[in-house]
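Thanks for coming. Please have the viewer open.

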Amino acid sequence: MRLIRAKNYDDMSLKAANIIAAQVSLNPKSVLGLATGSTPIGTYRHLVEWYQKGELDFGKAVSINLDEYCGLSGEHPQSYRRFMRENLFDHINIPADRSFLPDGTQTDSVLECARYDRIIEEHNGIDLQLLGIGRNAHIGFNEPDSCFACGTHQVILTESTIAANTRFFEDEAQVPRKAYSMGMQAIMQAKRVLLIASGADKAEAIRNSFFGPVTPQVPASILQLHRDVIVIADEAALADCPAEA
């Protein structure tokens, strides 16, 4: 693991955007695993700015997102497809037919999970996987469990995740209780993983994930076994980590 300390959220966002920009510049056909949530918004903002200045070209890239809420169409204001369009896709030139997310309207979870795993396989896996981290150390929607989920799967969201996501909805009752999530196999087979974290509320998750035992009760801890992981976290998120880290 390579740990990069950032001064604050803006610094973290810039550092992460630089790594993604370098990936796309060096390999224009990169397969990017992308994340949603509040953490990567600043990173996407930088990528959009550089594209609009003519410094980046996403025309040959592929994006494969981590997850999507079950029961929400891509046009729903809180769907992750809508999030990606508003924060990235609508502002860069990545082709719509090469930007993939799970289909939240698909009620047959077996078919949908198999379809999504095929998409990942057909693109020979992910070159650079961007991750945030939940307060309970979930990555994607891989929640704490008794084992690591291998392939794409339907997840029953934990109460802590529902509570954390309530801020995006009018009230907690509107937060979906299930989601489709990329599994650990695709994440661990990515050539490089970039995890970003900001804020004191992520400090315990960062400490447990990278300075504790590998356990499915701390989903992100599996990244300790990955050959090429970059963690960019600000001072608040690193507050509980060993001083020498």
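Ile-196 stands opposite Ile-232 in strand E10. Here strands (E, at least two residues) and helices (H or I, at least four) are DSSP runs, numbered from the N terminus. E9, residues 192-197, runs parallel to E10, and five bridges join them; two strands pair if DSSP finds at least two bridges between them. From E9 the chain crosses through helix H7, residues 203-211, to E10, and this β-α-β crossover is right-handed. Right-handed means that, with the strands pointing away from the viewer, the path from the first strand over the helix to the second runs clockwise.

Before going on: this is a predicted model, where local features need pLDDT of at least 70 and side-chain atom pairs count only at pLDDT 80 or more, while totals for chains, interfaces and linings use all residues. Residues are numbered from 1 along each chain as its sequence is written, and side-chain values use heavy atoms, with hydrogens and water left out.

E10 also pairs with strand E1, residues 2-6, again parallel and with five bridges. Leu-3 stands opposite Val-231 in E10.

How many residues of E10 are buried? Six of the six, residues 229-234, where buried is under 20% relative accessible area, exposed is over 50%, and partly exposed is in between (1.4 Å probe, protein chains only). In a regular strand the side chains alternate between the two faces of the sheet. In E10, Val-229, Val-231 and Ala-233 are on one side, with Ile-230, Ile-232 and Asp-234 on the other, and both faces are covered.

Now the cysteines. A disulfide is counted when a pair of cysteine sulfur atoms lies within 2.5 Å, and the count comes to zero. Cys-70 is in no disulfide; its nearest cysteine sulfur belongs to Cys-113, 8.0 Å away. Cys-70 has 15% relative accessibility, so this residue counts as buried. Cys-113 is likewise in no disulfide, and is buried at 9% relative accessible area.

Next, the record. UniProt, in an unreviewed entry, annotates residues 16-226 as "domain: Glucosamine/galactosamine-6-phosphate isomerase"; such annotations may be inferred rather than shown by experiment. The end C-alpha atoms of that span lie 18 Å apart, and the span is 32% helix and 15% strand.

Last, Leu-14, in helix H1, residues 9-26. At 33% relative accessibility, Leu-14 counts as partly exposed. Leaving out residues up to four places away in sequence, Leu-14 touches His-46 and Trp-50, contact being heavy atoms within 4.5 Å.
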